[in-house]
Amino acid sequence: MYLTIQAVVLRVTDYNDRDALLTVLSRGYGKLTVKARGLRRKNSPLIAPCQLLAFAEFTLFEYRGQYTVNEAHSLELFMPLRRDLTKLSLGTYFAQVCEVISQEDLPNPELQSLLLNSLHALSHLDLPETLVKSAFELRAACIAGYTPDLYGCHICGSQNPERFDLSAGQLECLKCRIGDSRGIRMPVSSGMLEAMRYICLCDPKKLFSFRIGSETLEMLSALTEAYLETQLERGFSALDFYKSLRI
């Protein structure tokens, strides 16, 4: 049986001297593992559409639950991103997150749209990397089922809480914190909170339309990163590399 999908390549793994395994994210079929025969050959026509972070149309041959690439055509390669190592490492981090929170054969069009929009923003929009990173991380957490409670302090209801609980995903005031309560809290300003509420609730097409000061943006980036890693209970190698390039 043949299947045609439009998908983003999340990971490329060498299979043998000639072939490779691709992990791709599609709209209608979620995450799929497919074999790309001959991809590692020098003149393979699959090299461009099957590279990491490529968005392509794939014609797959399916047999007993195994998928093999029959044809592939590039739709978007995000070339400006590939010419910048820092942005490329950040895009690779986005792909690693998507691989973790997506599931095999489970449609997830919202996640694919988030990844494509984030890669487009890194490639073609003149935006701070930390803004794109923060928006991606918090929105990805929401898609994965970890939408934080940002209404107000979870104890007194105050609209001006000073801390965000990374484990519980909720806000609290300093005066409301129980002395022996567990979990890590991070400072949250009114500007950060406004941006977080926007990211969680806005139209996906306007995800990167918010603006905050550079210092607040760096704090927001640190918070969204810590929140996503706390909820997923893991770190990401591409993120570590990205951070090493920014030092």
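Predicted model: local features only at pLDDT ≥ 70, side-chain atom pairs only at ≥ 80, totals over all residues.

Visitor: Which residue forms a salt bridge with Glu172?

Guide: The partner is Arg185, with 2.9 Å between the closest N and O atoms. Glu172 belongs to strand β8 (residues 170–172) and Arg185 to strand β9 (residues 185–187), so this pair ties together parts that are 13 residues apart in sequence. Both Glu172 and Arg185 are buried.

Visitor: What is the N to O distance between Arg246 and Glu218?

Guide: Their side chains meet in a salt bridge at 3.2 Å. Because Arg246 lies in helix α7 (residues 237–246) and Glu218 in helix α6 (residues 214–232), the pair ties together parts that are 28 residues apart in sequence. Arg246 is partly exposed, at 44% relative accessibility, and Glu218 is partly exposed as well, at 37%.

Visitor: Where do Glu225 and Lys243 lie?

Guide: Glu225 is in helix α6 and Lys243 in helix α7, so their pairing ties together parts that are 18 residues apart in sequence. Their side chains form a salt bridge of 2.8 Å, N to O.

Visitor: Is Glu225 buried or exposed?

Guide: Buried means under 20% relative accessible area; Glu225, at 11%, is therefore buried. Lys243, at 37%, counts as partly exposed.

Visitor: Which residues are linked with Glu225 and Lys243 in a network of salt bridges?

Guide: Lys133 and Glu137 are linked with them in that network.

Methods
Residues numbered from 1 in each chain as written. Heavy atoms only, no water. Salt bridge = Lys/Arg side-chain N within 4 Å of Asp/Glu carboxyl O. Helix = DSSP H or I, 4+ residues; strand = E, 2+ residues; numbered from the N terminus. Buried < 20%, exposed > 50% of the residue type's maximum accessible area, 1.4 Å probe, protein only.
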